[in-house]
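Let's take a friendly walk through a protein model. Have the sequence and the 3D view ready as you read.

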Amino acid sequence: MNTLIFRTVAPFLTALMALFSIFVLLRGHNEPGGGFIGGLIAVSALAIFGIANGISAVRRALWFHPMAISAFGLFIACLAGLMSAAFGVPFMTGLWVYPVVLGVEIPLSSVMLFDIGVYLVVVGAITSIALALEAGDDT
Amino acid sequence: MTADTMGLTFLAFCLPFLGALIAPALTRLLGHHAAWPLALVPLAVFFHFLGFNAEIARGEIVTGGYAWVPSYNVSFSWLIDGLSLAFLLLISGIGALIVLYSGGYLKGHPHQGRFFSFILMFMGSMLGVVASDSFLMLFVFWELTSITSFLLIGFDHAREASRRAALQALIVTGGGGLFLLAGLLLIWDVTGVTQFSLLMSFGPELRTSPFYLAILFLVLGGAFTKSAQFPFHFWLPNAMEAPTPVSAYLHSATMVKAGVYLLMRLNPVMGATPAWETILPAIGGLTLLVGAVLAIRQTDLKLMLAYTTVASLGMLVMLTGFGSEHAIAAAALYLVAHSLFKGALFMVAGLIDHETGTRDITRLGGLRRAMPVTFLAALLAALSMGGLPPFFGFLAKEEIYAALAGGSLRQVAFTAAAVIGNGLMFAVAFAVALKPFLGAPTQTPKHAHEGPALLWIGPMLLAVTGLVIGLFSAVAHVLLTMPLASAISGAPQTITISAMPHLSLAFGLSLLTVAFGVGVFLMLDRARAAANRLVEDIGWGPDRGFDQGMTGLVRAASAISRLVQPGRMETYMTATFTVIALALIVPPALYGEWPRLPVWPAGMPFHELAVMVLAAVGIAAVLMANNRLTAIVALGIQGFCVALLFLLFGAPDLAFTQFMIETLSVVILALVMTRLKLTPRDPRPLREKIPDGAIAVACGLGFALYLLKVTQGRFDTALSDFFNLYSKTIAHGANVVNVIIVDFRGTDTLGEIAVVMVTGLAILSIIRIRKGRVSP
């Protein structure tokens, strides 16, 4: 499996898939997609990278421990839910703002923040399992 | 109550917890001098509540609070009447002195900041217990006191005895709290109210309810465990493993009085029934005698005092349930008097221990020259505990005898119990206050000298307060004890007792008590030997029973665990899937609710059929594969076909997810296989494969039948209509699936991703264990 072609292509494929996963994540509110699916795509991207270039390369690329990424995702998901408390509305109520950047209206919401949290939890948790299984020595 | 006072009162309840937050940092900064600023916390609380004194003395009740969970009618609300106020003042007042005392006692201890933090948290919980108006708040604070006292008793966690005592206290008092919760819920069910202030008018309903006895037993289960009534008294002396400031605080004014507080709080609505007036005095009287006899037996200063606390609590419970005219007044007086003298004596015991290095009364003597201030404080407190005029304890004791004495058999029996109990406590009081100080000086582990001001300021102030209240009893009655007694009885009470000795039956009984006490004191060694023989003859005690119970529990738990967790993956899988198959197939078989056989859809497009055939081929490949890796990949074929079907039937999100899941499962399964170093082939012989295969087929068949049945039922479109209608308008999203996940049912998703993360952590640690490495 570890052929020269695969090793050469894998980083580009990973980058492309990672980009695509973010695209899927962000468009999820209106088109098919969302945090869960985006997260799974990103995990597959990292799995490909890991199979091609070894897990230490993945760990270096991720910079943080995948479990920390997962925990951070859960944290911002909670934060997205708790934001509503500041406005006196029930927990997890969606809050929307529409800032105009360079003449384009960009809808931003606590729901999106929540979805990003979901994405990070999925990426972190499943990547850490896959990496730990793949690793012979280190965690 | 104006908005300002309400905010301030709320702040007063929060203040100890805020203090607990800053205590460690403050102690790191100031060392043991942090006690001075930290003592300001309870002091501020004390003075805030002192401000209510005038209103309460007029017979008013102060209530206030905030809605907490309005949908469940749960509020954070407080009720301050004479009873609550007396407790609030005792807790915060003695609390301030205890903070100062711990400053000196634990000087230089590496975890002094943590200790301050615990004790302030405990104080906050205790304040919450005695001021709660709503049942739920009472329960929350009640259990908080159990938890914080666990931390305090186990403070010296390196010693096993400490840990055992802490666990014991937690199990006994925390378990009792669960009884209390059930009792409170029953009260709610019977009366329909969740607040004590409203409950007060429901006395007749409660007393005549068919659930009265159940409620009574549940509430008593909470109160008796907390207040260390026989046979639950054993945790209290064991809790002496805690540093002395903890003992002085928990066992004088706070923790153990919580149960008594609860009984007093419920007395107006639950009291005056035959059950109440039988159980409470009987258990209380028994506890009084048991505690007093066990106290005589001890030679450790703290243990002697601990058992007299048990006895005093018995006395309070007895008086609360006795039901005579003076009984409530006597309980009120004794409650306050006991908090003052017992707090002082505990601190004296700790002071002696701190300065000499021992608490063993047989090794102490002649300290009066070395520790004159301590001696004075001990003497003043003991005079009050012994019930000699003009001390506060004397007033309490006179009132007790006035309440109990009489001609009936019941009155004679309880009077006798009180005289014996009080006499023994008299002897213990003076044994603690005189024996270490008089006689010839002895060799002690440390060279004895007077302790620093931080240590003696607390006992001295408490002991002097006992004297001052005794001298100016008229003022104290109006401000403190009369509102207290009125709140306990539910009707205005007058207390006139003063320190002036006057000829009466009660005074005669007092003299008898003193004579008996002096007698026991003079023959203390012989009395101790007699009490020891008695206890050894009985042999078994609830303390040992607790250990036996705990051992039995652990044994039973491990036996059950071995039964259901044998540790073989095959067993788990077989059990799980057998149960799934049975759950799917047995109910329709029992009720004859099989689905109709589906008809072959007419005009089925070719490509749909092709996908299904492909899925079937995938399954066949799994079965025929003689290599595990091939089987896993073949399983993926089937999964992709299902994803394709989802796509064809208009569920792109589902299909998308299914694709990713299939890909990743193949990757992860392959990784697991290589990691577990499984043989490439399945080594099971045919006779094992057939039952496993049967279970698999039954599961698949069950699911197929189930899905058929579900799709044949009427489909309720209410939910999908709702989501389709509001997805765009309310949640601003066109993708209904995603909007459901992240918005409509977002809280579910939050729970799910938490599960994903925790599962990840669990798998990670299992993998690490397999490597033979213990993760930190």
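Two strands count as paired if DSSP finds at least two bridges between them. Keep in mind that the model you see is predicted.

In chain B, strand S1 (residues 62–69) and strand S2 (residues 74–80) run antiparallel and are joined by 7 bridges. Which residue in S2(B) is the bridge partner of B:Gly65? That partner is B:Ser77.

## The nonpolar cores

The largest nonpolar core holds 210 residues, and among those that touch the most other members are B:Ile119, B:Tyr334 and B:Val432. Helix H16 (residues 327–356) of chain B gives the most to this core, with 21 residues. Apart from this core lies another, of 61 residues, including A:Val43 and A:Tyr119.

Take a closer look at B:Val432: leaving out residues up to four places away in sequence, B:Val432 touches several residues, among them B:Leu301, B:Leu345 and B:Ala382.

Most residues other than glycine have a negative phi, and most peptide bonds are trans. Now for some exceptions.

A:Trp63, in the loop between helices H3 and H4 of chain A, has a positive phi of about 70°. Is A:Trp63 buried or exposed? A:Trp63 is exposed, because 8 other C-beta atoms lie within 10 Å and the cut-off for exposed is 12 or fewer.

The peptide bond from B:Phe230 to B:Pro231 is cis, with omega near 5°. Another cis bond joins B:Pro389 and B:Pro390, with omega about 0°.

Notes:
Residues are numbered from 1 along each chain as its sequence is written. Chains are lettered from A and ligands numbered from 1 in the order in which they are written. This is a predicted model: local features need pLDDT of at least 70, side-chain atom pairs count only at pLDDT 80 or more; totals for chains, interfaces and linings use all residues. A nonpolar core is a set of buried Ala, Val, Leu, Ile, Met, Phe, Trp, Tyr and Cys residues joined through C-beta atoms within 7 Å. A residue is buried if 20 or more other C-beta atoms lie within 10 Å of its own, exposed if 12 or fewer, and partly exposed in between; C-beta atoms are placed from the backbone. Helices (H or I, at least four residues) and strands (E, at least two) are DSSP runs, numbered from the N terminus. Two residues are in contact if their C-beta atoms, placed from the backbone, lie within 7 Å.
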